[in-house]
Amino acid sequence: MRPPPRPLPPRSWPRATPLVRALMTVALASLPLLCGCAPVPSSAPEIGGGVVEPPRPADAVELPAAPGSATAPPDSCGDPLASLRPTGQQPAPGRMPAGSTMERIQQRGKLIAGVDQNTYLMGFRNPLSGQLEGFDVDMVREVAAAVLGDRDAVQFKVLTSDERIPALERGEVDIVVRTMTVNCERRQRVDFSAVYYLAGQKVLVPTSSDADGIEDLGGRRVCATKGSSSLTNVAAAPSRPIAVGVPNWTDCLVMLQQGQVDAISTDDTILAGFAAQDPYTKVVGPRFTTEPYGMAVPRHHEDFVRFVNGVLERLRADGTWAAIHRRWLGDPPAPPEPVYRD
């Protein structure tokens with residue numbers, strides 16, 4: 001099954017053919033008839049000797065220095081990828097053990113899951129149906145089916161990268177499945193499942209760019225979302241790029257299209273979605289980090305961690321993981337092997 005039509009990022013225009021550009025210009029020129037405002041020139045006008053710049057996404061900030069370590073000291077949590085082993089036979093959907101985290105979800109009738117709506121192929125809102133879709137969204141649905149027997153028994157809560165951990169700590173969501181890298185720093189605040197996807201950080205640039213990787217972006221502006229390990233990795237890169245933090249990944253694409261940043265750097269899964277949306281961009285360079293994704297749950301919910309890991313064991317074994325990968329991301333590699341600490 002093919003993915004749905006490519007959505008366009010909010011607040012941005014795609015690069016268009018000359019005919020489409022002409023139609024856009026005509027449409028813009030007609031706006032004053034409706035709002036009583038002056039026509040908008042096709043090029044940035046000079047006002048008072050200056051040039052009017054395109055608006056920046058809300059809350060965009062430049063971080064010339066690393067905002068903190070991407071990971072805690074290596075010995076602070078042992079192997080950060082080691083999760084809790086599933087125990088015993090998985091309970092049947094709708095028959096969760098008494099007093100368990102899963103029973104509380106069952107009694108509510110919905111799994112509350114934090115996801116993205118701005119990352120094409122991983123977690124995005126289909127512009128035709130208005131529904132949330134993608135690899136991560138399908139993984140959430142499998143967890144809901146395992147607890148409640150219904151893949152649609154999910155209440156989605158859209159989160160930015162920066163909102164993921166606070167939402168778990170406040171108990172607003174049962175689980176977050178949102179391209180979230182497992183590391184020691186995060187494990188001090190939330191618990192993680194075994195790794196369900198292995199990504200790596202790369203760079204996206206306009207097709208006209210001469211940059212071949214992060215090493216060529218010294219002194220240039222490189223965009224990533226606030227609260228992501230990608231932003232920390234950009235700010236800490238030896239080539240010393242200028243890290244630009246924004247709330248959502250689509251904000252990065254808007255800034256790249258408007259020439260306000262020179263590149264976007266994050267996991268290759270996310271960049272693949274951007275390249276699919278905008279044919280005037282390209283992914284360059286090798287992976288310069290490894291980004292193992294885990295499903296995050298609130299601390300001290302060990303029974304739910306073990307249950308989720310049991311779900312992942314089944315998805316790997318029965319081919320469901322491969323089918324979901326093929327649907328959204330193409331031919332699947334072997335799924336990540338789980339690592340357990342008990």
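What share of the 342 residues of the protein chain counts as buried? The figure is 48%, with buried meaning under 20% relative accessible area for a 1.4 Å probe, protein chains only.

Before you click around: this is a predicted model, where local features need pLDDT of at least 70 and side-chain atom pairs count only at pLDDT 80 or more, while totals for chains, interfaces and linings use all residues. Residues are numbered from 1 along each chain as its sequence is written, and side-chain values use heavy atoms, leaving out hydrogens and water.

Start in cartoon view. The protein chain has 10 helices and 16 strands; these are DSSP runs numbered from the N terminus (helices H or I, at least four residues; strands E, at least two).

**Stop 1: helix H2.** Select residues 101-108 and show side chains. Thr-101, Met-102 and Ile-105 are buried here. Look down the axis of H2: its buried residues fall within an arc of 100°, so they line one face of the helix (the arc is that of the directions from the helix axis to the C-beta atoms). They pack against strand E4 (111-115), helix H3 (135-148) and helix H9 (302-317), contact being heavy atoms within 4.5 Å. Just past the end of H2, Gly-109 has a positive phi of about 90°.

**Stop 2: the largest nonpolar core.** Now pick Phe-135, Met-139, Ile-175, Tyr-196, Met-295 and Phe-304, the residues with the most contacts inside this 41-residue core. A nonpolar core is a set of buried Ala, Val, Leu, Ile, Met, Phe, Trp, Tyr and Cys residues joined through side-chain atoms within 4.5 Å. H3 supplies the largest share, 9 residues. Centre on Tyr-196: its contacts beyond four places in sequence include Phe-135, Met-139, Met-295 and Trp-321.

Stop 3: Zoom in on E12 (221-225) and E14 (263-267), which pair in the parallel sense over 2 bridges; Cys-223 has Ile-264 in E14 as its bridge partner.

Notes:
Buried < 20%, exposed > 50% of the residue type's maximum accessible area, 1.4 Å probe, protein only. Pairing = 2+ DSSP bridges.
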